[in-house]
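Hi there,

I'm passing a structure on to you, and I hope you enjoy looking through it.

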Amino acid sequence: MENIQSKDAQGRVADAPSGHWVYRLLPRGLWPYAQLARWDRPIGWWLLMWPCWWSAAMAASARAAPGAPLIDVLPSPWHLLLFMVGAILMRGAGCTYNDIVDEDIDDKVARTRSRPLPSGKVTRRQAWGFLALQCLGGLLVLLQFNWFAVLVGVASLAVVAVYPFMKRFTDWPQLFLGLAFSWGAWMGWAAHFGALELAPALLYFGSILWVIGYDTIYAHQDKEDDALVGVRSTARLFGGRTKQWLIGLYGAALLFFFVAFANAAVPMPALAGLLAAGAHLWRQIRVLDIDDPDQCLRLFKSNSTVGWLIFLGLLGGGVWASISPNF
């Protein structure tokens, strides 16, 4: 589907890939809802999911005893599935809410005016109804966890509610996105232990810095339009010093992750994932051209690779704890 959506025609949104399954498989009447939930741009739910999976894996391998049964040092597959489904639903709900709040701004920005609300493909009432449906699904997922984890999950709604307004009042809206997108760092630990400790807090702070970094790269796509309509961002704030800021943000994020792993006493092989993630983040900084929107989008999406590297490192640490007595 090559047509970009407008007030006069239905099609894909500007930053969605051509030929996506949403446009090949769904009836045209459902396209606007898939666009509101960003089903045609899955990178967002991956990035929302990674702190959940990291936290679950860190909790499972925390203080792992040598020779422990493998099932005891790996995260629950059921929890991982719930976190994935929850991330898809709540990322969709968050994006729908963001589009409702930002309809007037989205209509003035080239990349976003093709979204369903500014292009007139759904009404605000329909968008609110779809938001409620996604939130109900997210609640059903949340209720599968213990009650402590449920309370921790509900607490995230306050941050989610204020985030869309921050770009109007502060140069640091990416900080508030980080507060929301990193909430899973609490959730995996809470779901496993029914309590919280210092380790998930350190993981949370590190994830916030990571989110600020990758969303700064993302925001460089829109900096000219943002300046015209008065939208604020760390991309505009950092400007030509973006690479230096990214070195600090990504470096501090990795340090927080390292201390979180040490505090949780996860097996040392988990650090291999951090080293690989660090190499990947350094490459992002080295090749970044803040004036190339297409490259900024590619580098932003590549942060899912960071998620995989850290997660696989944690899994490897758990496996090592289980098999190490055999060596």
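Below is what I found, taken topic by topic. Please keep in mind that this is a predicted model.

Let's begin with a pair of helices. The axes of H3 (residues 43-61) and H5 (residues 77-101) come within 8 Å, crossing at roughly 150°. The crossing of H3 past H5 is right-handed. On the H3 side, the contact is made by Gly44, Trp45, Leu48, Met49, Cys52, Trp53 and Ala56. H5 brings Leu80, Phe83, Met84, Ala87, Ile88, Met90 and Arg91 to the contact.

Next, have a look at the second largest pocket, with a volume of about 150 Å³. Its lining includes Asp15, Ala110, Arg111, Gln221 and Asp222. Helix H13 (223-229) and helix H17 (293-301) each supply at least two residues of that lining. H17 gives the largest share, three residues.

Finally, the salt bridges: the structure holds 13. One to find on screen joins the side chains of Lys7 and Asp107, at 3.1 Å from N to O. Lys7 sits in the segment before helix H1 (21-25), while Asp107 belongs to the loop between helix H6 (103-106) and helix H7 (124-142), so this pair ties together parts that are 100 residues apart in sequence.

Notes
Residues numbered from 1 in each chain as written. Predicted model: local features only at pLDDT ≥ 70, side-chain atom pairs only at ≥ 80, totals over all residues. Heavy atoms only, no water. Axes fitted to C-alpha atoms, helices over the stretch in contact; angles between N-to-C directions. Helix = DSSP H or I, 4+ residues; strand = E, 2+ residues; numbered from the N terminus. Left-handed = near helix turned anticlockwise from the far one by under 90°. Contact = heavy atoms within 4.5 Å. 1 Å grid on protein atoms, 1.4 Å probe; cavity = no way out; pocket = protein on both sides within 12 Å on 5 of 7 lines; lining within 4 Å. Points joined across faces, edges and corners; volume = space filled by probe spheres on them. Salt bridge = Lys/Arg side-chain N within 4 Å of Asp/Glu carboxyl O.
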